[in-house]
Amino acid sequence: MASYIGRRKFLATLGGAAAAWPLAARAQQAAMPVIGFLNALGRNDAPDLPAAFRRGLGETGYVEARNAAIEYRFAENQHDRLPALAADLVGRRVNVIAATGGGAAVLAAMAATKTIPIVFTTGGDPVQEGYVRSLNRPGGNVTGVSWFAALLASKGLGLLHELVPNAAVISLLTNPRLPESARIPTDAQEAARGLDRQLLLLNASTPSEIDIAFATMRERRANALYVGADPFFASRRQQIVALAARDAIPAMYTNREYVEEGGLISYGNDRVDGYRRAGVYVGRILNGASPADLPVDQATKFELVVNVKTAKAIGLTIPESFLARADEVIE
């Protein structure tokens, strides 16, 4: 009898432990932090950027599906979808929102919550755009990464003028739907006046409008092109680079990804690394840091990249003195 009772106790204990296993697993799953990844672009527009974000998360100890979950929301370049996507993430009670792919995503996240931490990526000035109170002490629930690409129009036009000093008409391509691009035309116009050159302002926010912009450049006999900083343009870089090559128009870009695709020249910060740094910030917040006390991560290195092969293809000779200043020359 004693052995029978002992066996019953053992089986009861075993059964209780077995029942507890799924409960423990569910508790562990419930405790797993959830990150909302809000992006204004299409899911397949720039897969290298979410990948870089995940690498940054990994540097702080978080790996997707292992000890962190990521809820992805892509607006597919339809900015009017962003408020609902941001509200959905808030409703799912995510721990942090990464607002990426342009200022519209940042503003949508900020409108959706004043309490959930938000980490942004931007090419603009976060203070001027109203995301944070100051770069060193953001305050509130928002901080992030800025590579200030939208503030480089003057520098970019100056470099472009060095390459094509006889270009009388320089085109500027901007996306009017990007909030942080608002100051680009003003900065570029001022730089063009200083160079005594005419600036042709062209807007585009869809692939077909990019085609129309290049048609306008041909009609107006533009001699050079500056492509303003914009996540959508970067996602369409193959189209833009191909059109510039077809028309043999010297073009300046704000990040190296264009030049790696065959673009002529770029001056700016590494956008992919910016997403990695945003991932690091999200991980730091999950580890207990307050966004109010995390200074905005600012770009510190700006690189000049030149594609000599492209220059030869469009009949442009780049001076050796210019190449000597480049951080990288693609042969």
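1. Phe 53 sits in helix α2, residues 48–59. In this predicted model, the residue is buried, with a relative accessible area of 1%. Beyond its neighbours within four places in sequence, Phe 53 is in contact with Ile 35, Phe 37, Ile 70, Ala 98, Tyr 275, Arg 276, Ala 278, Gly 279 and Val 282. Gly 283 is 230 residues away from Phe 53 along the chain, yet 10 Å separates their C-alpha atoms.

2. Some overall figures. The protein chain holds 13 helices and 13 strands. Its C-alpha trace spans about 105 × 40 × 35 Å along the principal axes. Of its 331 residues, 52% count as buried. The exposed surface comes to about 15100 Å², and carbon and sulfur atoms supply 51% of that. Take the contacts with a separation of 6 or more: residues 24 or more positions apart account for 70% of them.

3. Next, the nonpolar cores. In soluble globular proteins, nonpolar side chains tend to be buried together. Here the largest nonpolar core has 32 residues. Tyr 226, Leu 264, Ile 265, Leu 304, Val 306, Ile 318 and Phe 322 touch the most other members. Elements giving two or more residues to this core are α5 (153–163), β6, α6, β8 (224–227), β10 (265–268), β12 (303–307), α12 (308–313) and α13 (320–325). The largest share, 5 residues, comes from α5. There is also a second, separate core of 27 residues, which includes Ile 35, Ala 229, Tyr 281 and Ala 299. Ile 35 is also one of the contacts of Phe 53.

4. Not counting residues up to four places away in sequence, Val 306 touches Val 259, Leu 264, Ile 265, Ile 318, Phe 322, Leu 323, Ala 326, Glu 328, Val 329 and Ile 330. Among these, Leu 264, Ile 265, Ile 318 and Phe 322 are listed with Val 306 as touching the most other members of the largest core.

5. Which residues of helix α9 are buried? Within residues 237–246, they are Arg 237, Gln 239, Ile 240, Val 241, Leu 243 and Ala 244. An α-helix has 3.6 residues a turn, so residues three or four places apart point the same way. After α9 comes Ala 248, with a positive phi near 50°.

6. On charge, the protein chain has 35 positive and 32 negative side chains. The centres of the two sets lie 9 Å apart. The whole structure contains 19 salt bridges.

7. Asp 247 lies in the loop between α9 and β9 (251–253), and Arg 218 in helix α7, residues 207–219. The two are 29 residues apart, and the pair links distant parts of the chain. Asp 247 is partly exposed, with a relative accessible area of 24%. Arg 218 is partly exposed too, at 43%.

8. Glu 257 is in helix α10 (residues 256–260) and Arg 237 in helix α9, so the bridge ties together parts 20 residues apart in sequence.

9. Helix α10 also supplies Arg 256, whose partner, Glu 303, is in strand β12, 47 residues apart. Arg 256 counts as buried because its relative accessibility is 14%, under the 20% cut-off. Glu 303, at 12%, counts as buried as well.

10. Salt bridges with shared partners join Glu 59, Asp 273, Arg 276, Arg 277 and Asp 297 into one network. Arg 276 is also among the contacts of Phe 53.

11. What is the nearest side chain of opposite charge to Glu 180? That is Arg 271, 10 Å away. Glu 180 is buried yet has no salt bridge. The residue lies in the loop between β6 (169–174) and α6 (184–194). Leaving aside neighbours within four places in sequence, Glu 180 is in contact with Gly 102, Gly 103, Thr 122, Gly 123, Gly 124, Glu 129, Tyr 131 and Ala 150.

Notes. Residues are numbered from 1 along each chain as its sequence is written. This is a predicted model: local features need pLDDT of at least 70, side-chain atom pairs count only at pLDDT 80 or more; totals for chains, interfaces and linings use all residues. Side-chain values use heavy atoms; hydrogens and water are left out. Helices (H or I, at least four residues) and strands (E, at least two) are DSSP runs, numbered from the N terminus. Buried means under 20% relative accessible area, exposed over 50%, partly exposed in between (1.4 Å probe, protein chains only). Lys and Arg count as positive and Asp and Glu as negative; His and the chain ends are not counted. A salt bridge is a side-chain nitrogen of Lys or Arg within 4 Å of a carboxyl oxygen of Asp or Glu. Contact means heavy atoms within 4.5 Å. Accessible areas come from the Shrake-Rupley method with a 1.4 Å probe; for residues, only the protein chains shown count as cover. The place of a charge is taken as NZ of Lys, CZ of Arg, CG of Asp or CD of Glu. A nonpolar core is a set of buried Ala, Val, Leu, Ile, Met, Phe, Trp, Tyr and Cys residues joined through side-chain atoms within 4.5 Å.
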